[in-house]
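Thanks for asking me to look this one over.

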Amino acid sequence: MPAHISIAESPDRGRHLVADQIIPPGETFTAGQSLLRCSRCRLARYSSREAQLAAWKNGHRAECSALRACAPRMPPATIRLAGRVLWKSQVHDQHHEPEGGTYEELEQLHSHWSSLPDDRKQSFAQMAALTREYMDGAGDQAPNATQHDVRKIALLIARFACNNHTICDEELRPIGTGIYPKAALANHSCTPNAVQSFRGNRIIFRTVRQIRMGEEICISYLELTGTHAERRAALLSSYHFDIALQGLPDPAASLLTASVFQGKEVKCRIRIEMHTTAPCTTDETDGLKLGLEVVGKPLDISNGVMASLAHSAASTQRVRVEESFNLDAQDLGGAGPEDDDQQGSQVHVDVWGPYWTGGDARLEQAKRVADAAASLLLSQQQAEALLAAQDPEQGLRVATQASAAGALAAEPVLGGHHVLRMRLQEVLLRCAIACGAWPAALHAARSLAATYHLLYPPIWPNLGLHKAIHAKVAMHQQLPAEALEQGRAALLCLEQVQPGSQSLREIEGLCHQAQQELGPF
Ligand SMILES: C[S@@+](CC[C@H](N)C(=O)[O-])C[C@H]1O[C@@H](n2cnc3c(N)ncnc32)[C@H](O)[C@@H]1O
């Protein structure tokens with residue numbers, strides 16, 4: 001661990017990383033090269049002859065025999081990774097402790113075995129049996145049965161499930177998975193103050209805002225544009241902890257779900273997510289009782305915002321509604337952004353709305369929302385399928401039609417920043433780029449920029465990459481001023497989270513070209 005970061009432990013969050021001093025934004029620290037890595041390639045790749053020799057000594061010799069024994073088939077990534085870990089654990093090099101962590105450190109990580117449902121236990125046990133079979137293929141290199149019994153391997157695979165990192169390239173495309181026992185000590189937050197990136201098989205953490213002394217360093221285990229419900233379900237099923245219990249009021253006692261974001265540029269952002277829940281009390285005024293709270297502080301929301309909340313708060317048991325709003329500081333009363341500690345952080349507000357209990361008018365509205373949401377979802381799925389089938393033109397047609405239908409509706413039921421609209425625009429953008437439809441791509445890039453601004457922290461890799469794409473598309477459309485503006489914004493972001501990357505160099509070149517086209521003035 002770097003000198004200014006230590007490991008702490010608490011009953012509710014387990015072990016976690018804590019800053020021992022103020023850490024400025026953009027600071028990097030490596031949590032090590034992977035003890036083991038599965039690159040999903042056919043053959044292991046090495047950066048140098050020394051690395052190759054070291055890997056041979058560290059277990060690749062056995063791995064190579066096992067891989068040859070099952071060729072031309074290739075074991076799944078998890079099984080290969082488990083094999084690598086176990087072969088490597090047999091080699092005890094007393095002079096060299098792997099930078100990423102030791103096998104002993106790996107064994108201390110959570111497996112959550114006792115809380116796993118039986119079908120998951122069974123599936124891990126099956127994978128363990130297959131790992132054993134694969135490892136036996138190494139012949140005289142195979143581990144002996146007592147060293148690596150199936151139960152032990154199943155526990156190891158369960159540990160992978162809640163500690164692995166997905167290794168991504170610079171464009172954030174997944175290229176493999178790795179286990180990093182030291183980096184695995186970083187806990188999750190939906191308002192992370194650090195982000196992980198990869199250079200080769202090395203994992204690097206970067207701070208995305210200033211971290212106070214004593215503050216926990218957290219990354220996000222998930223894509224941040226996922227809805228609260230999606231994030232909650234994924235964290236519960238894969239990582240066995242519940243974000244609903246963290247700083248949120250008891251769902252049974254409140255009515256809607258939202259997250260308020262506070263940042264420097266946009267003072268406050270509110271993200272509303274609707275869930276259907278068991279019917280609960282409503283007040284006499286409009287059938288809606290808002291139980292809003294910002295991490296324990298009461299939230300005083302103005303009437304105008306209450307009206308917008310009420311407007312979006314239509315839901316049925318089938319459909320979840322999520323929208324993002326810009327709020328002025330005064331809308332947030334006592335929870336305004338003057339508190340410096342809250343700058344750039346996201347504050348959750350829980351609001352639950354059993355709208356179907358509100359009489360015929362509410363039911364009618366809920367039905368319209370459900371129909372609009374279902375149509376957006378269906379079009380998005382169709383466009384994704386067409387893109388995957390190498391037919392981006394058709395995908396673009398489907399997505400454009402659905403997008404236009406929503407925009408042209410006399411009274412759009414779902415707002416412009418609705419999560420389903422965002423997902424439709426994402427596939428529309430990919431289709432448009434794939435078939436060179438630059439005007440459509442530019443339109444989608446602009447509309448996504450507005451939504452991403454509400455959902456991501458100001459410094460975040462996905463945001464930087466989107467601005468880079470927006471800049472490239474604007475350049476294609478011969479709009480150098482827009483390309484320069486977006487390119488510079490992308491540079492500001494990527495310099496902090498991906499310094500030295502190829503994308504960064506490309507955008508520097510693009511900004512230079514846009515500047516030249518604009519001329520000296
Ligand atoms: C990758 S490990 C992080 C290190 C872990 N705390 C430990 O003690 O080994 C993931 C596990 O940490 C715990 N965890 C991570 N983030 C958490 C959070 N925000 N709240 C509670 N527990 C969390 C969960 O048990 C999760 O399965």
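Is the crossing of helix 12 and helix 13 left-handed or right-handed? Point 2 has the reply.

1. A word on the model before anything else. This is a predicted model, in which local features need pLDDT of at least 70, side-chain atom pairs count only at pLDDT 80 or more, and totals for chains, interfaces and linings use all residues. Residue numbers start from 1 along each chain, following the sequence as written.

2. Helix 12 with helix 13. Helix 12 (residues 461-476) and helix 13 (residues 480-497) cross in the left-handed sense (the near helix is turned anticlockwise from the far one by less than a right angle; clockwise would be right-handed). Helices here are DSSP runs of H or I with at least four residues, strands are E runs of at least two, and both are numbered from the N terminus. The two axes come within 8 Å and cross at roughly 155 degrees (axes are lines fitted to C-alpha atoms over the stretch in contact, with angles from 0 to 180 degrees between N-to-C directions). Helix 12 and helix 13 are therefore roughly antiparallel, a label for angles over 145 degrees.

3. Who touches whom there. Residues of helix 12 that meet helix 13 include Leu463, Ala468 and Ala471, and their partners in helix 13 include Ala483, Gly487 and Ala490 (contact puts C-beta atoms, placed from the backbone, within 7 Å). The residues of this contact divide into 13 nonpolar, 4 polar and 2 charged (Ala, Val, Leu, Ile, Met, Phe, Trp, Tyr, Cys and Pro count as nonpolar, Asp, Glu, Lys and Arg as charged, and the others, Gly among them, as polar).

4. Helix 13 with helix 14. The axes of helix 13 and helix 14 (residues 502-518) come within 9 Å and cross at roughly 150 degrees, so these helices are roughly antiparallel too. Their crossing is left-handed. Among the residues in contact are Leu484, Leu491 and Leu494 of helix 13 and Ile507, Leu510 and Leu518 of helix 14.

5. Strand 8 (residues 194-199) and strand 9 (residues 202-207) pair in the antiparallel sense over 6 bridges (pairing needs at least two DSSP bridges). Phenylalanine 198 stands opposite isoleucine 203. The hairpin has 2 residues between its strands, and glycine 200 in the turn has a positive phi of about 60 degrees.

6. Around the ligand. The shell holds 17 residues, of which Gly14, Arg15, Asn187, Tyr239 and Phe241 come nearest (near means a C-beta atom, placed from the backbone, within 6 Å). Strand 2 gives the most, with 3 residues. By class, the shell divides into 6 nonpolar, 8 polar and 3 charged.

Note on methods. Angles under 35 degrees count as roughly parallel, over 145 as roughly antiparallel, 65 to 115 as roughly perpendicular and the rest as oblique. Two residues are in contact if their C-beta atoms, placed from the backbone, lie within 7 Å.
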